[in-house]
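Please keep the sequence and the model at hand while reading.

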Amino acid sequence: MNNLPSIKQLQYLIAVHQHQHFGRAAEACFIGQSTLSSAIQNLEETLGCQLIERENRSLMFTDVGEEVVERAKRIIGDTISVVELTKSFKHPLSGKLVLGIIPTIASFIAAPLYRFCKDAFPELQLVLVEDTSDRLLDKLEQGHIDMGMLALPYRTEKFHTQVIARDHFSLVRHQEYQVPEQLDDFNVLPEQSVFLLEREHCMTDHALSACHLNRSACINPFEAANLHTLLSMVEYQNGVTFLPQMALNAGILDGKPMVATAPQPDAYREIGLLWRKTTGRIRDFRLFSDKAGEFVAQHCNDSKGVTQ
């Protein structure tokens with residue numbers, strides 16, 4: 001048991017697998033390519049098998065090499081967790097915390113949340129990363145971010161998920177655009193009158209599900225790439241849309257001739273914080289979830305700007 005791979009060798013192997021190129025992997029590890037190649041060769045000698053097939057300037061991982069990479073990722077993750085555990089125990093919510101947030105949340109909560117955390121956790125260096133749900137989950141799995149703030153439901157089975165708020169949807173229209181009174185079923189809205197974001201935005205799926213909208217004739221085929229375009233379509237009285245309360249409370253309709261009418265009480269998306277199940281910072285993340293969660297919930301529950 002004396003001749004075991006080193007953590008550094010496993011990190012280099014993972015880097016080569018990620019970049020599929022020795023030169024780029026060496027740059028990412030801040031070492032020379034010859035140093036990296038030598039470390040991989042020593043690793044193969046230690047294990048007694050070939051992990052990477054090299055031919056000219058190309059490379060291919062062997063079957064056992066692929067399996068070693070997967071196990072190496074778990075080993076590195078567990079090693080990081082040990083360090084995180086002891087640091088979190090000695091100094092709760094200190095050091096660096098990288099939080100990923102999806103755009104339809106970050107647009108309204110990122111700035112005030114950042115300010116809140118600076119005041120509430122003075123020893124914590126909060127770094128915010130804005131990206132789509134799929135990309136954030138990938139970054140979380142690879143350890144590039146520590147936590148993620150997403151809108152739920154979503155495919156988050158790999159991670160621990162803590163729901164921190166409910167963000168209700170409201171129907172938004174131009175103040176002169178008429179909709180049926182006592183509207184209990186949004187599917188009876190006029191043909192092509194409902195405008196939504198592109199399907200790549202999870203807010204679209206959440207709005208469709210929460211407001212019980214199906215892909216009926218009331219959905220306009222136009223899909224907005226951002227909220228600014230979406231609201232401009234509504235402002236010019238082309239139809240209606242659905243926005244979360246978080247956006248309304250942030251003043252997205254301020255100065256615009258539009259009104260928001262609260263839909264059914266069960267029309268909402270959940271806001272959740274996610275972290276890896278193997279992390280050693282569970283104590284930190286639960287404390288952050290409790291405190292920051294209360295702050296986010298406040299920005300979802302205010303009834304500002306909503307008419308009955």
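Which residue in β9 is the bridge partner of Leu 171? The bridge partner of Leu 171 in β9 is Phe 242. The model is a predicted one, in which local features need pLDDT of at least 70 and side-chain atom pairs count only at pLDDT 80 or more, while totals for chains, interfaces and linings use all residues. Residues are numbered from 1 along each chain as its sequence is written, and side-chain values use heavy atoms, with hydrogens and water left out.

**Strand β6 and its partners**

Strand β6 covers residues 159–174 and is joined to β11 by nine bridges. Helices (H or I, at least four residues) and strands (E, at least two) are DSSP runs numbered from the N terminus, and two strands pair if DSSP finds at least two bridges between them.

| Partner of β6 | Residues | Bridges | Facing residues |
|---|---|---|---|
| β9, antiparallel | 241–244 | four | Leu 171 and Phe 242 |
| β10, antiparallel | 258–261 | four | Val 172 and Ala 260 |
| β11, antiparallel | 268–276 | nine | His 168 and Tyr 268 |

In a regular strand the side chains alternate between the two faces of the sheet.

**His 206**

His 206 lies in helix α7, which covers residues 202–210. With a relative accessibility of 7%, His 206 counts as buried, where buried means under 20% relative accessible area, exposed means over 50%, and partly exposed lies in between (1.4 Å probe, protein chains only). Apart from neighbours within four places in sequence, His 206 is in contact (heavy atoms within 4.5 Å) with Ala 151, Leu 152, Pro 153, Phe 169 and Arg 269.

Over residues 5–62 the chain is 60% helix and 14% strand, with its end C-alpha atoms 18 Å apart.

The buried residues of helix α3 (residues 33–47) are covered by elements that include α1 (7–19), α2 (22–28) and β1 (52–55). Buried in α3 are Leu 36, Ala 39, Ile 40, Leu 43 and Glu 44. Seen down the axis of α3, these buried residues fall within an arc of 140 degrees, so they line one face of the helix; the arc is that of the directions from the helix axis to the C-beta atoms. On the other side of α3, Ser 34 and Glu 45 are exposed. After α3 comes Gly 48, whose phi is positive, near 75 degrees.
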